[in-house]
Amino acid sequence: MWGKSVICLGIILCCKSLVVKAQIGQYRNEFAVGVNGGVTLTSVSFTPEIPQDKLMGKTFGLTLRYTGEKYFNSICAVVAEVNYTQMGWKERIWDRNDQPVINSSTGLAEEYSRIIDYVQVPFLARLGWGRERSGLQAFFQLGPQLGYYLSEKTEANFDIDNPNMTDRIAQVSGPNNSNMYNKMVENKFDYGIAVGLGVELSMRKLGHIMVEGRYYYGLGNIYGNTKRDYFAKSNHQTIVIKASYLFDIMRSKNPKIK
């Protein structure tokens, strides 16, 4: 219920940015499109806990932005993206002495990660402060994000059906000793809230270049969370560092815009 309320609030914020003619402010009617790309640092919050390090992945896609008005000093816009994104987790396999667990078959420290591919669609309300045509602008973005599972793969340097269960702290066996390493994503639809901060460089004839840091908190679980399921919680948490380039399709004819 709480998760759905947050999503609804984000949608309302995005839609509010479009209703500009009825508001007091300097009217804009600008539309820009472009591309984005960057890296993700991801983990999955499990209960029971699985110790993890951040898994590095990639993201890239299409960006669309509509700017509706300047309200006092805030430039109000709405942003939508369609991205391919890698998420997942990298397990920290340690023993009780905080040392790597050695696999008896390979003689190597065990390493395991799960890479999950999604198509993601964030809808973000955006506030910017600074130059619109030539110069720098700082911005803040907030809104809901929807995602759909495409595929997944495992990367491990040991036989996942025969891990070293004796030395490790965290267990990877669920009910009836079924190996959790073989457990595929069960809930293919993902949703959550995204928030970002960034800087934009605008050039009158060359477009807009942006650098942004974004955080995504998943409100859904990748596995079932009923009383019969092993995990009570299994939601994504992702840090995104990305760059975008947009070019203007439609611009307001106002010589006072700087």
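Asn 187 counts as partly exposed because its relative accessible area is 32%, where buried means under 20%, exposed over 50% and partly exposed in between, using a 1.4 Å probe and protein chains only. Everything here comes from a predicted model, in which local features need pLDDT of at least 70 and side-chain atom pairs count only at pLDDT 80 or more, while totals for chains, interfaces and linings use all residues. Residues are numbered from 1 along each chain as its sequence is written, and side-chain values use heavy atoms, with hydrogens and water left out.

Leaving aside residues up to four places away in sequence, Asn 187 touches Asn 221, Ile 222, Tyr 223 and Gly 224, a contact being heavy atoms within 4.5 Å. With Tyr 223, the separation is 36 residues in sequence but 5.9 Å in space, C-alpha to C-alpha.

## The chain as a whole

Reading from the N terminus, the order is α-β-β-β-β-β-β-β-β-β. Take the contacts between residues at least 6 apart in sequence: 73% of them join residues at least 24 apart.

Of the 258 residues in the protein chain, 46% are buried. The accessible surface of the chain is about 13,600 Å², and 61% of that belongs to carbon and sulfur atoms. These areas come from the Shrake-Rupley method with a 1.4 Å probe, and for residues only the protein chains shown count as cover.

## The nonpolar core

The largest nonpolar core has 23 residues, and those with the most contacts inside it are Phe 46, Trp 89, Tyr 112, Ile 116 and Ile 222. A core here is a set of buried Ala, Val, Leu, Ile, Met, Phe, Trp, Tyr and Cys residues joined through side-chain atoms within 4.5 Å. Strand 1, strand 4 and strand 5 each give two or more residues to this core, and the largest share, four residues, comes from strand 5.

## Spaces inside

Rolling a probe the size of a water molecule over the atoms shows where empty space is left. In this structure there are four cavities of 30 Å³ or more. On a 1 Å grid over the protein atoms alone, a cavity is a set of points where a 1.4 Å probe fits but cannot get out, and lining residues have an atom within 4 Å of a point. Grid points are joined across faces, edges and corners, and a volume is the space filled by probe spheres set on the points.

The largest cavity holds about 140 Å³ of space. Its lining has 15 residues, and the closest to its centre are Glu 30, Arg 65, Thr 67, Glu 132 and His 208. Which classes make up that lining? There are four nonpolar, three polar and eight charged residues; Ala, Val, Leu, Ile, Met, Phe, Trp, Tyr, Cys and Pro count as nonpolar, Asp, Glu, Lys and Arg as charged, and the others, Gly among them, as polar. Strand 1 (26-47), strand 3 (55-71) and strand 4 (74-91) each supply at least two lining residues, with strand 1 giving the largest share, three residues.

The second largest cavity has about 100 Å³ of space. Of the 14 residues lining this one, Thr 85, Gln 120, Gln 145, Arg 214 and Val 240 lie nearest its centre. By class, they divide into four nonpolar, seven polar and three charged. Strand 4 gives the most to the lining of the second largest cavity, four residues.

## Backbone details

The peptide bond from Thr 47 to Pro 48 is cis, with omega near 5°. Pro 48 sits in the loop between strand 1 and strand 2 (52-53).

Phe 72 is not a glycine, yet has a positive phi of about 55°. Phe 72 lies in the loop between strand 3 and strand 4 and is exposed, at 65% relative accessible area. Asp 98, in the loop between strand 4 and strand 5, also has a positive phi, about 60°, without being a glycine.

Key:
On a 1 Å grid over the protein atoms alone, a cavity is a set of points where a 1.4 Å probe fits but cannot get out, and a pocket is an open set with protein on both sides within 12 Å along at least five of seven lines; lining residues have an atom within 4 Å of a point.
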